[in-house]
Amino acid sequence: MTNDIAISVRDLGKRYRRGAKSRNHDSLRDVIQDGVMSLMRGGDAERKAQDYFWALREANFDIRRGENVGIIGLNGAGKSTLLKILSRIVTPTAGSADITGRLGALLEVGTGFHQELTGRENTFLYGSILGMTRAEVARKFDAIVDFAEIGDFIDTPVKRYSSGMYVRLAFAVAAHLDPDILLLDEVLAVGDFAFQRKCMNFARSLEQKGSTILFVSHNMFSIKTMCQRVIYLKRGQIVFDGPTDEGLRLYENDSRLQQAPWFQDESGKPSIAITDVTLRDEKGNETGVVDFGKRMSIRIGYKAFRPIERPDFRVGINRSDEVHCATFSSTADKFEIPMIEGEGSIELKTPPVRLVSDLYTMNIVVRDRGFGRILCAQIGGSFHVRHPVFASNAFGVFHESAEWRAHETASAPQRAEAGP
Amino acid sequence: MSDVAFDTAAARAEAAHHEVTHIRPDRGWLDLDLAAVWRYRELLLVLIMRDIQVLYKQAALGAAWAILQPLFAVVIFTVIFGYFVKMPSDGIPYPIFAFAAVLPWTYFAEATRRSATGMVDDAELVRKVYFPRLIMPLAKVCGPLLDFSIAFVVLLIMMLCYGIMPSWKMIVVPPLVILAGLLALSVGLWLGPINVRFRDIKHTVPFMLQIGMYAAPIVYPLSRVPEEWRTLYSLNPMVGVIDGFRWAVFGRGELNLEAIGLSCIVILVLLAGGLVFFRRMERSFADVI
């Protein structure tokens with residue numbers, strides 16, 4: 001039944017000019033200069049073809065009404081381009097997309113907020129920007145202020161807001177847009193923990209009402225909790241479209257040894273690269289699951305392209321919702337590595353793992369001379385921790401048994417039956 | 001989530017059938033989709049309101065600037081052209097002669113400046129939110145109408161001070177202001193997309209406006225322009241507007257219909273071309289802004 005389809009995408013593609021961002025902006029002078037330069041070199045058609053790249057190419061998928069779909073991929077894989085095309089901010093170069101129903105897009109929380117205006121004025125402004133009518137905002141106004149938990153500050157200019165208040169108000173307005181189809185780009189990762197949970201609950205309530213949600217995130221934890229299906233993009237192309245578990249596994253395999261998204265090597269040529277990361281349990285078997293309380297060994301294979309004196313090897317452990325849980329550092333542990341060159345490996349054995357059950361990612365970072373410049377930062381793969389009781393991150397980051405002791409007080413004879 | 005009001009799922013499903021958005025790479029040259037602008041008219045109003053609120057909140061003197069700016073120009077013109085140069089002003093007191101022209105010109109200049117650069121000033125919106133981009137120059141052209149209205153009241157007061165009674169001829173003021181607004185919009189439609197690509201426009205506009213001011217009968221009367229050049233001169237659409245404005249205020253002689261007719265034709269051509277150009281260019285705004 002075609003009536004069930006909320007989003008239908010056929011051969012959708014977007015081509016950009018390489019370096020367009022940095023060049024077009026500038027001034028007319030640069031363009032004239034460029035034009036003269038290319039004239040002198042002779043405008044070769046070959047070079048022109050290389051000037052373009054496809055940020056998204058031949059994307060095909062249907063999303064049924066009420067489906068929640070996660071879009072995953074490394075930075076620059078085309079996730080945001082896809083959302084921008086679907087929200088009509090950018091025009092596709094090829095293909096088509098048909099959207100049935102009212103569409104709300106939240107690519108960034110609070111775009112369009114004006115610093116000088118009060119919370120009340122901004123609520124109406126932002127509401128209109130998102131596509132609500134004034135009457136609609138007026139009707140939902142009290143609920144919005146309630147949801148944002150900002151109370152009396154509603155008549156204060158938002159430039160005096162804390163960043164938390166700012167984001168809460170913006171999200172509250174967006175949350176009341178009440179669309180049939182919602183496009184979200186990383187926006188749930190804002191605010192404090194309590195508010196994040198509120199947002200997640202909200203997204204789930206939308207789901208129950210039959211809204212369709214398309215959700216871009218690096219946060220595998222929220223993808224896992226919200227979506228039954230994922231679309232995995234790699235260099236602009238859809239490489240997987242199906243059940244979340246399978247897609248995430250594929251993504252995790254692919255992202256092994258990839259450069260960490262936050263790292264930008266500015267030196268031009270890399271000094272060192274991590275070539276392999278293996279995780280072994282206490283018996284020496286390669287594994288992806290570590291039992292709580294057991295030690296694990298991490299072996300890091302590297303290739304140094306130049307001699308590096310006294311490098312600092314680090315292994316960061318990130319939980320699936322990107323909470324940084326622990327770091328092991330060779331320098332901090334007073335393990336002196338005089339110099340490395342060429343290929344080799346470094347192994348560390350962790351203390352008993354005290355993290356609660358979840359999926360964790362290793363980040364391998366190598367720094368120059370103790371705590372110097374970062375030479376490389378790569379994702380070293382993921383592992384699960386298995387804890388017998390604490391099977392979710394609602395129990396905090398780590399678990400360590402405490403010593404308990406009860407003290408009897410003389411006069412509490414009837415308290416035995418008291419309870420909630 | 002009890003604090004969020006929702007429609008029922010059934011109502012939602014039914015509404016969803018009515019709204020289908022087709023996203024396609026190309027659009028015909030003449031597909032202007034003005035209906036989309038109409039659907040977004042609330043956003044247009046909200047953006048106009050925002051610009052006004054922000055402008056006056058940031059300035060200590062607030063709305064007084066709407067009066068001070070043209071008044072200042074009038075004082076300077078009166079001293080230089082009225083006193084020193086002894087510029088003839090068709091027998092009208094020079095301050096009011098100048099004010100009647102400075103008023104529509106100030107509106108036109110401000111509307112042009114804002115509509116040409118507005119897209120870049122709101123780049124964040126363009127990059128992250130969809131709306132028919134035409135809304136932006138439209139809002140920028142409407143914003144300064146408030147300043148104009150305030151200053152217009154001052155003109156009326158000044159007229160009374162000089163013993164000039166407003167006549168029925170004032171009814172041509174609104175159409176003339178609309179003409180000036182449409183001209184500013186046309187210029188914005190042409191320059192706005194270029195400004196998105198080349199920020200040079202931002203620096204060029206004030207300069208062009210400066211030249212434009214002396215190419216319009218503001219400090220001197222239209223009668224000082226040699227007869228044989230007058231038609232060519234009137235190709236500047238602001239000539240008809242400003243001359244019409246003076247006629248509305250003082251009511252001397254005939255309304256210069258030839259100049260106004262020429263204005264209308266030039267504006268129509270600029271506007272039609274501008275609309276097509278703008279729609280053609282807007283598809284890449286989010287990519288390059």
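## Strand pairing within chain A

In this predicted model, strand β1 of chain A, which covers residues 5–17, runs antiparallel to strand β2 of chain A, residues 52–64, and nine bridges join the two. Within this pairing, the residue of β2(A) that stands opposite A:Tyr16 is A:Phe53.

β1(A) is also joined to strand β4 of chain A, residues 94–100, again in the antiparallel sense, through five bridges. Here A:Ser8 has A:Asp98 of β4(A) as its bridge partner.

## A strand pairing between the chains

β4(A), which five bridges join to β1(A), also pairs with β1(B), and this antiparallel pairing extends over four bridges. A:Asp98 takes part in both arrangements, being the bridge partner of A:Ser8 and having B:His22 as its bridge partner in β1(B).

## The contact between chains A and B

How many residues does each chain bring to the contact? Chain A contributes 51 residues, while chain B contributes 36 residues. On the side of chain B that touches chain A, at least two residues come from each of α1 (9–18), β1 (20–23), α3 (41–58), α6 (123–128) and α14 (285–288). Of these elements, α3(B) supplies the largest share, which amounts to eight residues.

Sorted by class, the side of chain B that touches chain A consists of 18 nonpolar residues, 14 charged residues and four polar residues. The strand β1(B), which is among the elements that supply at least two residues to this side, is the strand that pairs with β4(A) over four bridges.

Terms used:
Residues are numbered from 1 along each chain as its sequence is written. Chains are lettered from A and ligands numbered from 1 in the order in which they are written. This is a predicted model: local features need pLDDT of at least 70, side-chain atom pairs count only at pLDDT 80 or more; totals for chains, interfaces and linings use all residues. Two strands pair if DSSP finds at least two bridges between them. Two residues are in contact if their C-beta atoms, placed from the backbone, lie within 7 Å. Ala, Val, Leu, Ile, Met, Phe, Trp, Tyr, Cys and Pro count as nonpolar, Asp, Glu, Lys and Arg as charged, and the others, Gly among them, as polar.
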